[in-house]
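Biologist: Could you walk me through this model, starting with the charged pairs and then moving on to the rest?

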There are 2 protein chains.
Amino acid sequence: MLMSKEAVWLWYPGDFEIHQGMLQNFKREERGMGWPAYWYIDDCNRNVNFKRHYDLKESTQFTVLAKGTGYVDVNGTKYRLNHAINCDAGATDIQVFVGNVQGLPTIYIVGEIIKSDSGWLASNFVTTLPAGHDILYTDRNQDPNGIEYRTEKVVAKAQQAVDGGVLYDFGRAVNGTVTVKTNGPVTLCYGESETEARDVEMCYYKQSDVTATTKVRKRAFRYVFVPHCQLGDIELTAMHEYIPKNNPSSFTSDNKLINQIWNVATETLNLCSDLFFIDGIKRDRWIWAGDAYQANFINQYSFFNEDIDKRTLLALRGQDDIKQHMNTIVDYSMLWVIGVLNHYQMTGDREFLKIIYPKLESMVQYFIQQTNEHGFIYGRKNDWIFVDWSEMDKQGTVAAEQILLLEDYKTIMTCGEVLGKDVAGYQAKYDQLFKNLMKYFWDDEQGAFIDSYESGKRHVTRHANIFAILFDVVDENKQQLILKNVLLNNAITQITTPYFKFFEQDALCKLGEQHRVYQVLLDYWGGMLDRGAVTFWEEFDPSQHGKDMYAMYGDPYGKSLCHAWGASPIYLLGRHFVGLRPTAPGYQTFEIKPELSEFHHLHTVLPIKGGTVTVVKDQHQLSVTASRAGGTLIVDGQRQSLEPNRTAVVPV
Amino acid sequence: MLMSKEAVWLWYPGDFEIHQGMLQNFKREERGMGWPAYWYIDDCNRNVNFKRHYDLKESTQFTVLAKGTGYVDVNGTKYRLNHAINCDAGATDIQVFVGNVQGLPTIYIVGEIIKSDSGWLASNFVTTLPAGHDILYTDRNQDPNGIEYRTEKVVAKAQQAVDGGVLYDFGRAVNGTVTVKTNGPVTLCYGESETEARDVEMCYYKQSDVTATTKVRKRAFRYVFVPHCQLGDIELTAMHEYIPKNNPSSFTSDNKLINQIWNVATETLNLCSDLFFIDGIKRDRWIWAGDAYQANFINQYSFFNEDIDKRTLLALRGQDDIKQHMNTIVDYSMLWVIGVLNHYQMTGDREFLKIIYPKLESMVQYFIQQTNEHGFIYGRKNDWIFVDWSEMDKQGTVAAEQILLLEDYKTIMTCGEVLGKDVAGYQAKYDQLFKNLMKYFWDDEQGAFIDSYESGKRHVTRHANIFAILFDVVDENKQQLILKNVLLNNAITQITTPYFKFFEQDALCKLGEQHRVYQVLLDYWGGMLDRGAVTFWEEFDPSQHGKDMYAMYGDPYGKSLCHAWGASPIYLLGRHFVGLRPTAPGYQTFEIKPELSEFHHLHTVLPIKGGTVTVVKDQHQLSVTASRAGGTLIVDGQRQSLEPNRTAVVPV
C-alpha cells in the first residue's frame, strides 16, 4: 500500500505492469534468435491525463517530472514540465498531459503540498481511474521505464580444462551478465548443465567474438564453456541481477533431504520471480497464467510477496478489451480468475480488488459468451482447451473446464460481494452449470467424472476429478469414490507433467494422503538433488540419465532446469504438512492443522498477512506461535485459539 | 498499387499508418511545451506473424530483414533473421515472427523467388489479413519507423535590422529546421507572420541557447527573428522538409487573382500533407477527421494523391476496437465514413476497400448502437456533437447528425455491394431514419430543417440544410425552398467558420450559384492575398487588421496561417466551375459540365484516375481533352462522349 504522504511515480493503472510484461514476453532467446511469445501482446497507453483538485490554504510550489512530452494545466493555464510552478491559495484544478511514443507515460510531482501521492486520477481519455504506482518507484531520479536490478558478483566455483577449452562452474544458477578479461575475442557457450555448456553446437545460448568491451546479453546459466582457450588465458566473472525480496519463511527438520528440498525450492521460486512470476529463467521467460497461478500459491508460503502477485495478475490480464484467452488457453484465463480470489484471500487487499474487479468481471463475461445451452464452456476457433499435456477425450465440452468455470462463478460472487457489486445473476449460472456437470459428466458406474459426454467414450482421466476435489465440487462420499476409483487407481493414466502433479499432490493431501505425498517429495524432488540440481527442473523422469535428462519438446536442451512450479514442495509442506491456511481474507482468521507425523524434529516459520507463524515439533511436543491474533490451532480435532506471540504447546 | 514482383516492407495492415499517425498527433509544440492530442491514441501491434506458402520448383535462397526481434520458421525449423536461408524445392511454409517493443514490427525479404512482394499474410495473433505496405518503403536499406524527407535549402529573401535584432524573411512557409552559423548562442523566435516572429515574449515557437551544433526542432515558419544581434553577426539557413508528390493539375485564366488563389491553395495543401492530411503545419499538426475529409476533396482536384488519402483514413480509424469517436467528435466519425466512399468513387480501389471495409462496418455498427427508437443518433457522455462552432440548438438529437448518418448508411450499402457483402439490413435503417428525419426535423412552415425538435424552439441554422443539399436528402422543390429560406436568407445566422464555409460554398455551387461563390473566392481568398498571404489561413475576417489578424482561440498567435481547408478554392473551381466529377468509381465514367461564364480565357488540367482532363476556354470556344475513355462533356444540356486524346470543341 502507498503511504499517502510519500510521492511515487504515477501512471494509468495497469500500464506499468502491461508494458513491463510486454517487455518480459519479448525476452526469450534461443540459439541467436529472439523468440517472441506467440500470442497477442498488449502495450501500455500512449497518451495519459492525470488530474486532481486541491483546496490550497496557502500558496505553494510544485514541479512535474515526466517521461514523455506534454504540459501541466493549472486552472486553465498551461505550464511546462520540469519547471517550478507557483500556485496561489484557493481552489486549484491541476491536470498533467503526458504522451510517450515508445514507453510508459509516467509522472512524479515534487512539492510540499502538491505531489504525486495517493489521490491522483489517471485517464487514457476513455476511462478515468485512481492512478497506478509501484513500491519500486518512489524516487524522483528513477525511470519506471527501466528495471533497477541489484547486482551480485559471482565468481566461478571451479574452472576446468576440457575439450580444448575451459569450463567455468559458478556453482549456482545465475541470471545476469558475464564480463571477460581477454586479449582476443572468445566464444561463450552457456549451460544450465555442464553437458549443455560443453555442447558448442547445440547449447541454447552462445555469443561469439566477445571481447572485454562487448555488451553481453543477460542470460540464465550455471556453466559457461569457452572453447579454444587454456586455463589462465582469460578471466570470467558473472554478475547476477535481481530485485531483492524479503523471505520471512524457513524450514528445518530432522530430514536433511526435505530441508534441502525446501531451500532449493526457495532458490527456484526466487529466481523465477523479479517483477513477475515467469515460468523459467532460461526458457521461456514468459508470463504463463497456469505457471503464475501455481507460483502464487507457493509464494504465499515463502516470500509472501504481494507485489509480484499483483503485477503478474495485471500483466496477464492486459488492457480492458479482451482479444483472446491468456496465452491463448481457455483454462489459463479461468485459473487467472481463481488466482484473483486467492490473492484476495491471502492479502485481504480491497484496494487491489477494486482495481482488478472490472477486469475480473469482463473476463467472466467473456467466458459466459462462450457457454452453450447447458451452461458448458466450449472452445472456439483459435481457443486452446489445454488442461494438460495428456491423453484426454476433448470431444465437445470438457469436464475439467466446467469445474474451473464453477470456481470462477464463486470467485466473482465472493469478490463482487466484498465490493458491494451486483452479482445476483451468477448464482443461477452456477446452479445450472453445477446441475448439468453432475448430470452429464458424473458417471455413477465408474464413480468418477468422465472427460467428455458427447463422444460417448465415457473416458476417465485424473484431471477433472482432481479439480473437483480442489474446488469442493463433490461431497465427501464422492471424494472417497474419486480417491479410490481415480487417484489411487493405477489403471487410470498417470499424471506425467509437473504442472498437473502440483494439483494432484494438492488434492491427495486434501484427502489426507500426506504420507504418499511425502514419498513423492523424497523421490521426485530428492531425485533431482541426487543429480546435482541447484534449482528444480521443469520435469524429472528418474529413468532418464546423461544427456537425455536435459531434452524436452524435441530439443536436446529444451528442458528448463530452474522452473517456478518446481518449487511446489514449499506449498505442499506449508499448506498440508504444517497445515496453515487463511480462513478469512488477509488471515483475519487462520488455522494451523499440522500433519507432521513424518517429522520427529521440525522448526518452521511461515508468513501470514502482517506476521508469521512459528511451528516447532520436538518429538512428541508441538509448539505454535503466531505473531498476530486470529489463529486457531487444530490438533486431533481439538481447536485452540492462539494469542498473539503466546506459544501454545500441545502433545502430539 | 503494389507491383506484384517488387519487394516492399511489410507490416500488419494499418499498423504503419496507426503508428505514424500516433507520432504525428504527438508533434504539436507550443511555447516550449509538448501538446499531445487530447484523445485516446492507438499504437501499432507489438507482435506480428507473417506467413506464406510456396510451391518451389527449384531450390532457392532468401534473407529476412526485420525491425524487431524474432525468427524465421521454414517447414517447422527455425532460422535467424538477417542470415541467408536455403530452401529445397517442394511445398514450403514460411512464417516470420517479429516483435518490436517500441516501434513498428516490419520485414523485408530479399530473394529471387521468396521475397516480400504481394501474397504475404500478416497476423497479430487474433486476426490474419493480407500484409500492409506503402509505396514509400521499397528498399531493403530503409526503415519504415522513420520518415525519409526530401530537403530543400531555403535562403532568407530578406534580412532586416529591427528591435535590436535581425529579422529573416524566407519569403515562403518553411516546415523544417534551421541551422545557424554563430560565434555565441542565440535565440530563435519564429513566426508565420512578421508580427509573431518579432514578439519575443509570445511567439509560438522559440528556442534559446542555439549554437552551430544545437539540434533545432522541426517547425513551421516564414520568419525568424534573432534578438540581440546585428546584421552580419550570424548566418541563418532554413532546411525545408517534404515528401515529394506529383501535381498533375494546373489552372491559368485571364483573372490573375484567381490564378494566384489556385497556386497559393496548391502550396497550402501541399504543405499540409506529407504522410497524412493534417490541419495545419504550425498548429495543431494533428490529424482531424473533419479537416482530412475536406482535404480529401481538394486533393482529388490537385495532387490526386491516393496514398495520403489511404494513410489518413487508416490512421484516423486506428485499431479495430473503437474506444471513442474520432477526435472525440461524433460527426467527424460520420464524415470519415463518407470519406471512404469518396475515396472509392475517386479511385475505384477495390483492394483498399477490402482492407477498410471491416473497419467501416464496425464504425457504422458503433453508430447504430447509439441510435434511439426513431433511428436518430444521439450523443452519449463524452461524445462531442460538434457540427460547427456556431449557435445551434443541440437539445436532444440534432438534424445535421441524422443527415450524415443517412449518407453513412448509403456508404455502407454502396461499399458492401461492391464487395458482395450482406448489407440488406441497412436499407431498413435508412428508410426509418429518412422517414423520421422528415417527420420530426422538416418544418413545412419555415421550409427548412430545424436543428432540434425536442427543445420546441424550432430554430433554423444553415448546417443541416447545407448537408441536406450536399447529400441529396431533399427533392428539387425542397432544395429551392432551402436556397431561398436558408442559404440566401440573411435573417439566418451566417456561417462564420471556414470549415463550414467549405460545405456552404459546395452547396451553393450545387444549386447553380457559381456567380456568388466566385465573388467569395475573390473577396475572402483574395483578401488574404491582399494581406501578403503566401499560404491560406485557418480563418480570415476582412474587418481585422494588424496584430488582431493572427489571434484565435484566445491566443494572440493561435491562428494557423497555413491551414489545409484554406485550399478549398481548388475543389470549388475544379468541381463546380470546370465541372469535372466521376460518375462511376475510379472515373470509369466521368462528366465535365463547365460553368465558366466568369472566365474569358482559361487553361486548366485536372487529374482523373489514370489520366487528366484538359479544358481550354478561349472567348466563346471551349476545347476539352481527356487522356482516357469514359468522359462525357455536357454543355447547355447537350451531352457529348469524349474519345481519348481527341479534343472536343464546342461553342459557349
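Modeller: Before the pairs themselves, a definition: a salt bridge here is a side-chain nitrogen of Lys or Arg within 4 Å of a carboxyl oxygen of Asp or Glu. Please also keep in mind that this is a predicted model.

Biologist: Fine, so how far apart are the closest N and O atoms of A:Glu538 and A:Arg283?

Modeller: They are 2.8 Å apart, and A:Glu538 therefore forms a salt bridge with A:Arg283 under the 4 Å cut-off. The two residues come from distant parts of the chain, 255 residues apart, with A:Glu538 in the loop between α13 (514-530) and α14 (568-577) of chain A, and A:Arg283 in the loop between α3 (256-271) and α4 (289-299) of chain A.

Biologist: Are A:Glu538 and A:Arg283 buried or exposed?

Modeller: Both A:Glu538 and A:Arg283 are buried.

Biologist: What about B:Glu29, which partner does that one have?

Modeller: B:Glu29 forms a salt bridge with B:Arg217, and here the closest N and O atoms lie 3.4 Å apart. B:Glu29 sits in strand β1 (residues 29-30) of chain B, while B:Arg217 belongs to the loop between β16 (206-210) and β17 (219-226) of chain B, so the pair ties together parts that are 188 residues apart in sequence. B:Glu29 counts as buried at 3% relative accessibility, whereas B:Arg217 is partly exposed, with a relative accessible area of 35%.

Biologist: Which residues are joined into one network by salt bridges that share partners?

Modeller: Such a network joins A:Arg28, A:Arg283, A:Asp284 and A:Glu538. A:Arg28 also lies over the face of A:Trp286, at 4.7 Å from the ring centre. In chain B, B:Lys282 lies over the face of B:Tyr204, at 4.6 Å from the ring centre.

Biologist: Switching to rings, how many aromatic pairs does the structure hold?

Modeller: There are 116 aromatic pairs over all chains. One of them is the edge-to-face pair of A:Trp384 and A:Phe386, at 5.2 Å centre to centre and with 65° between the planes. A:Trp384 is partly exposed, with a relative accessible area of 25%, while A:Phe386 counts as buried at 4% relative accessibility.

Modeller: A:Phe441 and A:Tyr453 also form an edge-to-face pair, 5.2 Å centre to centre, with 80° between the planes.

Biologist: Where do A:Phe441 and A:Tyr453 lie?

Modeller: A:Phe441 lies in helix α9 (residues 424-441) of chain A and A:Tyr453 in the loop between β21 (448-449) and α10 (462-470) of chain A, so the pair ties together parts that are 12 residues apart in sequence. A:Phe441 is buried, with a relative accessible area of 0%, and A:Tyr453 is buried as well, at 18%.

Biologist: What does UniProt place at residues 144-226 of chain A?

Modeller: An unreviewed UniProt entry places "domain: Alpha-rhamnosidase-like N-terminal" there, and in the model this span is 6% helix and 57% strand. The UniProt annotation "domain: Alpha-L-rhamnosidase six-hairpin glycosidase", also from an unreviewed entry, covers residues 249-575 of chain A, a span that is 53% helix and 2% strand.

Methods: Residues numbered from 1 in each chain as written. Chains lettered and ligands numbered in written order. Predicted model: local features only at pLDDT ≥ 70, side-chain atom pairs only at ≥ 80, totals over all residues. Heavy atoms only, no water. UniProt positions renumbered as here; feature names shortened; annotations may be inferred. Helix = DSSP H or I, 4+ residues; strand = E, 2+ residues; numbered from the N terminus. Phe/Tyr/Trp six-rings, centres within 6.5 Å; stacked < 30°, edge-to-face > 60°. Buried < 20%, exposed > 50% of the residue type's maximum accessible area, 1.4 Å probe, protein only. Lys NZ or Arg CZ within 6 Å of the ring centre and 35° of its normal.
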